[in-house]
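Subject: Structure for you to look at

Hello,

Here is the structure we talked about, with its sequence. Please open it and keep it in view while you read the notes that follow.

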Amino acid sequence: ARRGGIYYRGEKIGFAVGRVVPTDGGCEQQEDGRMQMALLGADTVASLHTSARVDRDFALQSFDFSLDPGTGPTRISGVVEGLQLTLTIATPTSSRTDVRTLLEPPALALSLGRRLAAAGLTTGATHRFSVFDPATLTNAPMSISVGERELVRAAGLPIPAFRVEMEFAGLRATSWITDTGELMIARSDQ
């Protein structure tokens with residue numbers, strides 16, 4: 001399991017704990033966290049859960065996402081079949097299903113570190129993925145630039161990791177990803 005902070009504009013607003021569970025056809029990546037957010041003008045702490053099932057090439061097969069700001073969870077699950085994404089959205093009071101045809105196969109940000117590592121992290125490389133954001137129900141391009149390999153401190157130990165700059169929906173973030181695809185630190189620059 002790994003634990004990391006969630007940062008916005010340099011300020012820590014929460015944390016997340018992630019783990020990877022092997023499956024017959026690939027793996028399931030899970031992440032649980034808590035994040036401070038504003039809800040109806042008041043600060044609250046929301047619980048987050050994401051799990052993504054990917055194949056051996058880290059292509060997204062299905063996912064589950066939930067967000068609970070203390071008023072009851074909103075759950076979003078999705079199944080990917082080619083370019084078709086079937087979404088089920090459930091709130092404490094209702095449920096609906098939506099089928100969307102996408103222009104590109106979607107990925108979740110949760111699985112991109114392992115996908116990049118599987119392809120081979122190379123300083124100077126750039127990548128573009130179509131990333132589905134369950135919180136906003138949008139599929140948008142994410143640009144990724146791989147920087148230098150650096151030593152990052154985790155639990156007091158120096159760990160080699162690549163600095164990765166990401167841009168998604170107008171937001172920029174800096175992360176450090178190990179050779180095995182573990183996200184060490186993520187920080188929002190905007």
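Two rings of Phe, Tyr or Trp count as an aromatic pair if their centres lie within 6.5 Å. Please bear in mind that the model is a predicted one.

How many aromatic pairs does a search of the whole structure find? The search finds one. Its members are Phe 63 and Phe 132, with ring centres 5.6 Å apart and planes at 40°. Planes under 30 degrees apart count as stacked and those over 60 as edge-to-face, with the rest called tilted, so this pair is tilted. Phe 63 belongs to strand β5 (residues 60-68) and Phe 132 to strand β9 (residues 126-133), so the pair ties together parts that are 69 residues apart in sequence.

Are these two residues buried or exposed? Phe 63 is buried, with a relative accessible area of 1%, and Phe 132 is buried as well, at 2%.

In soluble globular proteins, nonpolar side chains tend to be buried together. Here the largest nonpolar core has 18 residues. Those touching the most other members are Leu 60, Phe 63, Ile 76, Leu 85, Leu 87 and Phe 132, a list that includes both residues of the aromatic pair. Two or more residues of this core come from each of β4 (42-55), β5, β6 (74-81) and β7 (84-90). Leaving aside residues up to four places away in sequence, Leu 60 touches Ala 52, Arg 53, Val 54, Val 80, Pro 106, Ala 107 and Leu 108. Another core, of 16 residues, lies apart from the largest one; among its members are Ala 117, Leu 121, Phe 162 and Met 166.

Just after α1, Gly 120 has a positive phi of about 95°.

Next, the strands that follow. Strand β10 (residues 138-154) pairs with strand β11 (residues 157-168) in the antiparallel sense, over eleven bridges. Within this pairing, Met 142 stands opposite Phe 168 of β11. The two strands form a hairpin with two residues between them, and Ala 155 in the turn has a positive phi of about 55°.

β11 is also joined to strand β12 (residues 171-177), by seven bridges, and these strands run antiparallel. Arg 163 has Trp 176 in β12 as its bridge partner. β11 and β12 form a hairpin too, with two residues between them; in this turn Ala 169 has a positive phi of about 50°.

Regards

Definitions and conventions:
Residues are numbered from 1 along each chain as its sequence is written. This is a predicted model: local features need pLDDT of at least 70, side-chain atom pairs count only at pLDDT 80 or more; totals for chains, interfaces and linings use all residues. Side-chain values use heavy atoms; hydrogens and water are left out. Rings of Phe, Tyr and Trp (its six-membered ring) pair if their centres lie within 6.5 Å; planes under 30 degrees apart count as stacked, over 60 as edge-to-face and the rest as tilted. Helices (H or I, at least four residues) and strands (E, at least two) are DSSP runs, numbered from the N terminus. Buried means under 20% relative accessible area, exposed over 50%, partly exposed in between (1.4 Å probe, protein chains only). A nonpolar core is a set of buried Ala, Val, Leu, Ile, Met, Phe, Trp, Tyr and Cys residues joined through side-chain atoms within 4.5 Å. Contact means heavy atoms within 4.5 Å. Two strands pair if DSSP finds at least two bridges between them.
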